Amino acid sequence: MCNRKKAPSFFFLGKDRNNFFKCRCGKHLEMLAPFCRYRCPSSRLIALFCRSGILPAGFLPYFAGQVSFQQAPQPVSPFCHIRIPPALPRLMLFALPLRVACSLLAWLSLYAWFCHRYKHRSYEWSCRLVTLTHGILATCLSAYIGFIDGPWPLSHPGSPNTTLQVHGLCLSLGYFLFDLCWCVYFQTEGALMLAHHLVSILGITASLALGESAAEVNAVIFGSEITNPLLQARWFLKETGCYHSLTGDVVDFFFVVLFTGVRIGVGAWLMYCELASPKPRWYIKLGGVIMYAVSWVFMVSICCFARRKSMKKYHAWRSRRSEEPYLKTNGHLKNH
């Protein structure tokens, strides 16, 4: 260690020099091994200052995301090099109900505003607008968390929750509570949709209470909500009388493709990674299996719908083709 009284200044010599820090006098001050887990350069610097006494030791956990020097390195998404902060402290668990309550109040306020804005429409119109808003927000936020912020759910299931993941789960939990209460009150949905909402609520609550497994829960939210805007667009097209058009066919096509590819295809991969990993709790795994089974029940209904619509389109096309020679005379339609 350097014997100077004032705080020494350091420079990083690089990993090819055994990750040593040196002071200006040339002596090794400290190995960088405890700091290699900090991917962000500013977090490395703050960690070094705390260890050397330049900053108070209690400053690091608040700056670097509650990181201790003995903590294992956190997983990083394969799409970036951003350091993933570890689990939130237990004290922040008391703030989670408040966040969920604020989220629920926000969705209720948005629903009330939609009801006031569209007085000539039904209550379901306003609720569908709230559902559409949540679908867009949840898809964008969960995509950012999964693909950019990390950790990657397929390779790190059961990892500690990050701050951004907690925000996203609280946002969705408030919405699911609102939508479940609305569906029960107005009795607009069947038992399958109510079971889907209930399992979603229990899964998000368990992840928030445990402080882990938010990565895979967030991935499930992404897979569930990515098709939601198309589903709501289909309903709005029916209500406005524009469903039986090219726009309605395009919406149905992309809905079937996304549901099959994401919720069934990618969902099977995610469920396999979840079941194969020893880290997630057994009830988190059970919730994932139930959600995937519900997706398959929806998939059967979607396949039946797609088959009926395809056959209907095919028969209509055959009918038009067979009637063309008899309906036209000199370029004009015959009168019958």
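**Entry 1: Ser172.** I began with Ser172, which counts as buried at a relative accessibility of 2%, the cut-off for that class being under 20%. I note for the record that the model is predicted. I located Ser172 in helix H5, which covers residues 163-186. I then listed what Ser172 touches, leaving out residues up to four places away in sequence: His134, Ala138, Ile204 and Ile221. For one of these, Ile204, I looked up the separation from Ser172, which is 32 residues in sequence and 8.4 Å in space, C-alpha to C-alpha.

**Entry 2: H3 and H4.** I turned next to helix H3 (residues 96-117) and helix H4 (residues 123-149), whose axes lie 9 Å apart and meet at an angle of about 135°. H3 and H4 are therefore oblique to each other. I recorded the crossing of H3 past H4 as right-handed. From H3, the contact draws on Trp107, Leu110, Tyr111, Phe114 and Cys115. From H4, it draws on Tyr123, Ser126, Cys127, Leu129, Val130, Thr133, His134 and Leu137. I sorted the residues of this H3 with H4 contact by class and found 10 nonpolar, 3 polar and no charged. His134 of H4, listed in this contact, is also among the residues that Ser172 touches.

**Entry 3: H8 and H9.** I recorded the crossing of H8 past H9 as left-handed. On the H8 side I listed Leu230, Leu231, Ala233, Arg234 and Leu237 as making the contact. On the H9 side I listed Thr247, Gly248, Val251, Asp252, Phe254, Phe255 and Leu258. By class, the residues of the H8 with H9 contact come to 8 nonpolar, 2 polar and 2 charged.

**Entry 4: the whole protein.** I counted 10 helices and 5 strands in the secondary structure. Of the 336 residues in the protein, 40% are buried. Among contacts with a separation of 6 or more, 63% join residues 24 or more positions apart.

**Entry 5: confidence.** I looked up a mean pLDDT of 75 for the protein, with 68% of residues at 70 or more. Over residues 1-42 the pLDDT stays under 50, and the model has 77 contacts beyond four places in sequence for them. Residues 54-91 also have pLDDT below 50, with 91 contacts in the model beyond near neighbours in sequence.

Conventions: Residues numbered from 1 in each chain as written. Predicted model: local features only at pLDDT ≥ 70, side-chain atom pairs only at ≥ 80, totals over all residues. Heavy atoms only, no water. Left-handed = near helix turned anticlockwise from the far one by under 90°. Helix = DSSP H or I, 4+ residues; strand = E, 2+ residues; numbered from the N terminus. Contact = heavy atoms within 4.5 Å. Nonpolar A, V, L, I, M, F, W, Y, C, P; charged D, E, K, R; others polar. pLDDT = per-residue confidence, 0-100. Buried < 20%, exposed > 50% of the residue type's maximum accessible area, 1.4 Å probe, protein only. Axes fitted to C-alpha atoms, helices over the stretch in contact; angles between N-to-C directions. Parallel < 35°, antiparallel > 145°, perpendicular 65-115°, else oblique.
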